[in-house]
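Welcome, and thanks for taking a look at this one. Please load the structure and keep it open while you go through the notes.

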Amino acid sequence: MSCINIIAEKCFGCGLCVSACPFNAIEVTDKKAEILDNCTLCGSCVSSCKFNAIEFVKDEEAESSGLSSYKGVWVFAEHKNGEARQIAFELLGSGRKLADDLSVPLSAVLIGSEIEKEAEKLFAYGADKVYLVEDESLRLFNDESYADIFVQLIKSYKPEIVLMGATTYGRSLAPRVASRLNTGLTADCTELSIDPEKKILMQTRPAFGGNLMATIICPNHHPQMATVRPKVMKPIQPDESRKGEIIRPEININSNPKVKVVDVVRTLYETVNLAEADIIVSGGRGLGDPKNFALVEELARVLGGAVGASRATVDAGWIDYSHQVGQTGKTVGPKVYFACGISGAIQHLAGMSSSDIIIAINKNPDAPIFKVATFGIVGDVLEVLPALIKEFKAHTA
Amino acid sequence: MNIIVCVKQVPGTNEVKINKETNTIIREGVEAIINPFDEYAIEEGVRIKEKTGGKVTVISMGIPKVADLLKETIAVGVDEAVLLSDRAFAGADTLATSYALSMGIKALGEYDLIICGKQATDGDTAQVGPSLAEKLNIPHTTYVRKIEEIKDGYIRCQRLTDDGYEVIEMPLPAVITVVKEINEPRLPSIKGKLKAKKTEVKILTADDIGADKDRCGLKGSPTQVIKTFVPEHNVVAEMIEGTAEEQAKKLAQKLLSMQFMKAR
């Protein structure tokens, strides 16, 4: 078993490792560091020690047998109202590269009702095969029946890698499937690659609200499963002429699952949803008054974007929780993110710092939001927003 | 109704700062807290109990110190606190954690509903809830924003989606994970605090719950962290000066020239 050892002769109890440990798993007693039970073997302490007194003893586990029979990269093609969602194309973009590095096929799993037409799009975006499962009972996403089908497919076709979106559905389905197969699952990855020597999946993800990145592997269990943060991976340029193979697997469909979706309610006033928006305009306390959210909404409308909000404004009841961006709200990664009167608490940054371009508008030049911003405007958001609305209206008219 | 709430001890992350020299998180003086999302889970459990009768049990897995935090939950209406604590549980990923929790929950006896927070603020995985439901072979719903109805053997709840919500029905027992929209957690009462002081947290080991040690902790964890690093936030914002009108004009031109926004 792998472990972290303190080499007693070398340790002076300086405590550097205590502060380096993200999990509070080291204590200094009698001038010697001690690793506690909640150690996760992340290894942060090893590099922090100035005296080389901490060693990471790696376990050279024998390769589990039978893993070589697992081949291929799969992605879950999530859909809504019968149309494949953007995340499916992003996963194919990332999966294409992984499959090429491994010289294996890339497949998409498409589960739904009357959904075959979407297979063409999946081929255009890089899939070699589409596993298609259709039944009227599968029209809407259902944790239970989708998980049953996914597990059967994995057992019959044995892919080595399975990727799902870190969306509402993906983050519910993936752990259910991984748990039934007793395999590993890494949540909300922002980077995926193949280790060129071991040919295993290197999964990198943020933790601690984005303050720490961790690279995770699943070396002895298959499939290696990950959910992938939306808007981070890039789809390939679609090629309509690309063809692929549709496979209709023979599987059991439980058309009467215990879990039933009895109603789907769309919150009407939102035209563009946060998770899929290319442009997000978010408002914070700096707006001064709930009615000033109208400015944020108008800029979003002019730009064809979605409306976001800081936790402070949601807690104050200025806007609905569904708009909240940040650790306790939604994680977003649009092309352009406007932070209007948002100071940029670490929890907010955790939810939006993977945006391509961040524009910060704030009165306070020292606001932390400027530290992650691409462009900064120091000024009164109530003056800058109307000017921006006017300016973009002129360009988009 | 017998309700079980799963809670996790996490570092109070508000004070997270990075030591630029060692590239690590500065953790001095950061206290351990109950995962904020779990507070909503506890509150929801207590509210259901107040309506239907029964009891609320919190369960956690962690080092013995976690017992102190579990005690605090008694003050807001929890009846019993159980801590799974054993060296064998150390280094668990989400799969090994769900396995241990499932064994602990089975050892507690009959239950109707298990409530978890939507995710923990340290790992942010959101995986233990669904994974636990699978280990117990019961249904689950994530991101629950409202329980519309709950009675013997049945729950109807609203799951938050990207553009609204879904109404979902499940038979009980089941697992739900809750978002913060679901309620406003209460503050501990004086009476509750006194009760908390007197309450003993039940501590169970792997053997106590009949867990297979090969499926617990590091041994039972398929995933391994091989590297951690602090992401670089070394973007230097390009500041745009001038009056509001000038700033707006300059910004618009920059964005248009980067082709992130097309002039139609």
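Here is a short briefing, grouped by topic. The model is a predicted one, and its scores are ipTM 0.88 and pTM 0.82. In chain B the mean pLDDT is 90, with 89% of residues at 70 or more.

- Chain A holds an open sheet of seven strands with parallel pairing, and their order is S11-S15-S10-S5-S8-S9-S16.
- The edges are taken by S11(A), residues 185-189, and S16(A), residues 245-247; each has a single partner strand, so one side of each has no neighbour in the sheet.
- From one strand to the next, the twist averages 25 degrees.
- Helix H3(A), residues 86-102, packs on this sheet and touches S5(A), S8(A), S10(A) and S15(A). The direction of H3(A) makes about 175 degrees with that of S5(A).
- Within the sheet, S8(A) (residues 106-112) and S9(A) (residues 129-134) run parallel and are joined by six bridges. To find your place there, look for Ile111(A), which stands opposite Val133(A) in S9(A).

**Where the two chains meet**

- The contact between the chains involves 92 residues of chain A and 81 residues of chain B.
- On the chain A side, helix H11(A), residues 381-396, gives the most, with eight residues.
- Sorted by class, that side of chain A has 45 nonpolar, 31 polar and 16 charged residues.
- Asp263(A) has Val167(B) as its bridge partner in S11(B).

**Helix H11(A) against helix H6(B)**

- H11(A) and H6(B), the latter spanning residues 244-257, have axes that come within 8 Å and cross at roughly 45 degrees. The two helices are therefore oblique to each other, and the crossing is right-handed.
- From H11(A), the residues that meet H6(B) are Glu383(A), Val384(A), Ala387(A), Leu388(A), Glu391(A), Phe392(A) and His395(A). Their counterparts in H6(B) include Ala248(B), Leu251(B), Ala252(B) and Leu256(B).
- This contact has nine nonpolar, two polar and four charged residues.

**Helix H6(A) against helix H4(B)**

- H6(A), residues 170-181, packs with H4(B), residues 128-136, at an angle of about 40 degrees, and their axes are 8 Å apart. That angle makes H6(A) oblique to H4(B).
- H6(A) and H4(B) have a right-handed crossing.
- Pro130(B), Ser131(B), Glu134(B) and Lys135(B) in H4(B) meet a set of residues in H6(A), among them Pro175(A), Arg176(A) and Arg180(A).

**Backbone details to check**

- The peptide bond between His222(A) and Pro223(A) is cis, with omega about -5 degrees. Pro223(A) sits in the loop between S14(A), residues 212-217, and S15(A).
- In chain B, a cis peptide bond runs from Leu172(B) to Pro173(B), with omega near 0 degrees. The loop between S11(B) and S12(B), residues 174-178, contains Pro173(B).
- Asn81(A) is a residue other than glycine with a positive phi, near 50 degrees. You will find Asn81(A) in the loop between S6(A), residues 79-80, and S7(A), residues 83-84.

Technical notes. Residues numbered from 1 in each chain as written. Chains lettered and ligands numbered in written order. Predicted model: local features only at pLDDT ≥ 70, side-chain atom pairs only at ≥ 80, totals over all residues. Pairing = 2+ DSSP bridges. Helix = DSSP H or I, 4+ residues; strand = E, 2+ residues; numbered from the N terminus. Axes fitted to C-alpha atoms, helices over the stretch in contact; angles between N-to-C directions. Contact = placed C-beta atoms within 7 Å. Nonpolar A, V, L, I, M, F, W, Y, C, P; charged D, E, K, R; others polar. pLDDT = per-residue confidence, 0-100. Parallel < 35°, antiparallel > 145°, perpendicular 65-115°, else oblique. Left-handed = near helix turned anticlockwise from the far one by under 90°.
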